[in-house]
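Hi,

Here is the structure I promised to pass on. Have a look at it first, and then read my notes below.

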Amino acid sequence: MMEMKKERDRDFIKAVEREMRNPHLRGRGMREIVKAAANGPAPSYYLTYDRVMKMLPGRESEAIPVGARSARGAMWREIHRRVLRRMRRSGVRRSDAVSMVLAEGNASSFFLTESSAWVLYHRLLRKVS
């Protein structure tokens, strides 16, 4: 799990650096740049297979057991939708669909709140300097 966190941190800093070069954000403050990076696509979900299998409901009709409005809740809903879609399209079991979704990655965002992204950015800056 620690390796996934390091990977997320590296990917997040790369996303911030990419947004710093974004001409649409030229002249904007770092807070807006960090927010754009956090809300932009992420290469992975940074979760283990076991964690996803434990957190996702066993049935399509069951609710996801995390806060509906939280960033984490949005992540779990996205993963759940992708797993269900993969099961329907490919006819695979849930366990195989989870493996495929995690292998594909391409999360829609880093699923961080604006304040969490800002704190993470500053923590990572301190590590570098």
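**What I found**

Helix α4 covers residues 71-90, so 20 residues in all, and runs 28 Å from its first C-alpha to its last, close to the 28 Å expected at 1.5 Å a residue. Bear in mind that this is a predicted model.

Quite a few α4 residues are buried: A71, G73, M75, W76, E78, I79, H80, R82, V83 and L84. Charged side chains are on that list too, with E78 and R82 among them. The buried residues of α4 pack against α3 (49-55) and α5 (94-104). After α4 comes G91, with a positive phi near 70°.

On to α5. Its buried residues are S95, A97, V98, V101 and L102. Looking down the α5 axis, you'll see these buried residues fall within an arc of 160°, so they line one face of the helix. As a reminder, an α-helix has 3.6 residues a turn, so residues three or four places apart point the same way. The packing partners of the buried α5 residues are α3 and α4. Just after α5 sits G105, again with a positive phi, this one about 65°.

The largest pocket has a volume of about 180 Å³. It is lined by 14 residues, and the closest to its centre are R8, Y45, Y46, L47 and R72. Which elements give two or more residues to that lining? They are α1 (2-20) and α4, and α1 gives the most, with three residues. By class, the lining has nine nonpolar, two polar and three charged residues.

Most residues other than glycine have a negative phi, which is what made me stop at the next two.

Y46, already mentioned for the pocket centre, has a positive phi near 60° without being a glycine. It lies in the loop between α2 (30-39) and α3. Is Y46 buried or exposed? Buried, because its relative accessible area is 9%, and the cut-off is under 20%.

N106 is the other one: not a glycine either, yet its phi is positive, about 55°. You'll find N106 in the loop between α5 and α6 (114-128). N106 has 57% relative accessibility, so it counts as exposed, the cut-off there being over 50%.

Let me know what you make of Y46 and N106, each with its positive phi.

Cheers

Methods: Residues are numbered from 1 along each chain as its sequence is written. This is a predicted model: local features need pLDDT of at least 70, side-chain atom pairs count only at pLDDT 80 or more; totals for chains, interfaces and linings use all residues. Side-chain values use heavy atoms; hydrogens and water are left out. Helices (H or I, at least four residues) and strands (E, at least two) are DSSP runs, numbered from the N terminus. Buried means under 20% relative accessible area, exposed over 50%, partly exposed in between (1.4 Å probe, protein chains only). Contact means heavy atoms within 4.5 Å. The arc is that of the directions from the helix axis to the C-beta atoms. On a 1 Å grid over the protein atoms alone, a cavity is a set of points where a 1.4 Å probe fits but cannot get out, and a pocket is an open set with protein on both sides within 12 Å along at least five of seven lines; lining residues have an atom within 4 Å of a point. Grid points are joined across faces, edges and corners, and a volume is the space filled by probe spheres set on the points.
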